[in-house]
Amino acid sequence: MKLAKRMSRLGTETAFDVLVKAKALEAQGRDVVHLEIGEPNFDTSKNICDAAVKAIRDGYTHYGPAAGLPELREAIAKYISDSRGIEVSVDEVAVTPGAKPIMFFGILSCVDEGDEVIYPNPGFPIYESVINFVGAKPVPVPLREEVDFRFDLDALRDSVSDKTRMIIINSPQNPTGGFLLKSDLEAIAELAIENNITIMSDEVYSQIIYDDAKHESIAALPGMKERTIIIEGHSKTYAMTGWRLGYGVMPADLAAQITKLMVNSNSCTAAIVQMAGLEALTGPQDEVGKMVAELKRRRDAIVSGLNAIEGITCKNPLGAFYVFPNVTAMPMSSDDFAEHLLQKYAVATLSGTAFGEYGDGYLRLSYAGSMESIKEGLKRIAEAVDKL
Ligand SMILES: Cc1ncc(COP(=O)(O)O)c(C=O)c1O
């Protein structure tokens with residue numbers, strides 16, 4: 001079939017390609033260690049599942065409002081108001097099937113052909129994909145290891161032009177685990193205000209933070225709420241990746257546009273899922289605490305295990321569930337090293353280049369899987385490095 005030209009501009013997530021390759025090896029009987037998947041191995045808590053079952057029995061089986069059920073939007077407005085220290089009203093909330101649609105619809109609503117959008121590189125690959133899709137120019141800003149994978153603020157300043165329409169930030173960050181400091185947010189906010197730029201702040205890992213890290217939203221800085229789209233969702237915090245529930249918090253006029261895009265695409269987010277999401281936000285939060293404590297244990301194990309391998313160095317990330325070890329000392333590129341680890345040692349990882357050109361020389365490992373897979377993966381990586 002003849003395709004529209006715009007389809008050639010749409011990218012994808014390489015993580016899914018590696019998963020396919022890993023599954024093919026498993027089909028041949030290989031015992032693959034999965035360190036590529038960005039998904040917690042925890043099950044959704046029982047109270048959330050029970051709320052979904054109750055919603056089915058209570059008849060939440062019909063179309064609902066495109067922007068989301070009022071009771072869930074209200075709970076989200078309260079949660080974001082309390083956690084970010086800003087006043088959020090219900091009409092500033094749009095609920096979508098996962099956090100990704102906020103990214104897609106937000107860029108579609110705000111960015112014109114020929115505009116420029118600044119985004120972190122390495123970064124979540126969907127940013128660049130959607131920027132290209134709408135015919136805008138992606139302007140990558142490198143995240144460098146020397147500054148713990150935060151934005152290089154000088155490079156950021158140099159990237160701003162009179163065409164810059166949006167800056168995308170993501171903290172805690174996928175794939176590096178980088179964490180923006182308040183001083184970073186202040187510098188970005190100053191640039192945004194000076195140049196009338198919209199900020200898309202991807203905060204889906206806001207609750208998955210360690211040590212003394214404290215998540216702050218750029219939306220809470222003076223003059224920023226009116227120019228910020230917060231992306232949030234239940235996938236990571238509540239181990240609900242497959243349920244598809246996310247939301248955006250943004251100025252009400254933009255939320256109305258997102259709602260229009262929902263009418264034109266999904267009609268609404270499944271009401272059963274929204275009722276489960278309401279329980280997640282308003283019910284007991286102890287499971288989140290337990291999950292983060294366990295993830296911290298895994299982070300400590302993977303960071304110390306990687307640093308014990310000669311030739312590999314790894315920063316200690318403050319959030320999310322990824323590490324981004326430096327493998328430039330290996331006698332091959334990070335793409336070849338990731339492929340070597342998969343084919344020869346059956347360890348599935350992602351090359352840093354899956355997240356953009358500045359990811360070259362690194363691997364991304366997810367520690368959301370299980371402690372056993374981390375230990376086995378580390379053993380195999382150490383053996384691979386030893387034999388190189
Ligand atoms: C930075 C970031 N934003 C958004 C998402 C997508 O979240 P969801 O599954 O809720 O669409 C992910 C998922 O991996 C992510 O890493």
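Which residues are the closest to the ligand? In this predicted model, 14 residues surround the ligand, and the closest are Asp202, Tyr205, Ser235, Lys236 and Arg244. A polar side-chain atom of serine 235 is found 2.7 Å from an oxygen atom of the ligand. For asparagine 174, a polar side-chain atom lies at 2.8 Å from a ligand oxygen. Lysine 100 takes part through its backbone, with a polar backbone atom 3.0 Å from an oxygen atom of the ligand. The ligand taken alone exposes 400 Å², of which the protein buries 92%.

Strand S8 spans residues 228-233, and six of its six residues are buried. Cover is present on both faces of the strand: Thr228, Ile230 and Glu232 are buried on one side, and Ile229, Ile231 and Gly233 on the other. S8 pairs with strand S7 (residues 198-202) in the parallel sense, through four bridges. Within this pairing, methionine 200 stands opposite isoleucine 229 of S8. Strand S9 (residues 246-249) is also joined to S8 by four bridges, but here the strands are antiparallel. Isoleucine 230 has valine 249 of S9 as its bridge partner.

Leucine 3 is located in the segment before helix H1 (14-27). Leucine 3 counts as exposed because its relative accessible area is 60%, and the cut-off for exposed is over 50%.

Notes:
Residues are numbered from 1 along each chain as its sequence is written. This is a predicted model: local features need pLDDT of at least 70, side-chain atom pairs count only at pLDDT 80 or more; totals for chains, interfaces and linings use all residues. Side-chain values use heavy atoms; hydrogens and water are left out. Helices (H or I, at least four residues) and strands (E, at least two) are DSSP runs, numbered from the N terminus. Buried means under 20% relative accessible area, exposed over 50%, partly exposed in between (1.4 Å probe, protein chains only). A residue is near a molecule or strand if one of its heavy atoms lies within 4 Å of it. A polar contact is a pair of N or O atoms within 3.5 Å; within protein, one must be able to donate a hydrogen and the other to accept it, and residues adjacent in sequence count only if both atoms are side-chain atoms. Accessible areas come from the Shrake-Rupley method with a 1.4 Å probe; for residues, only the protein chains shown count as cover. Two strands pair if DSSP finds at least two bridges between them.
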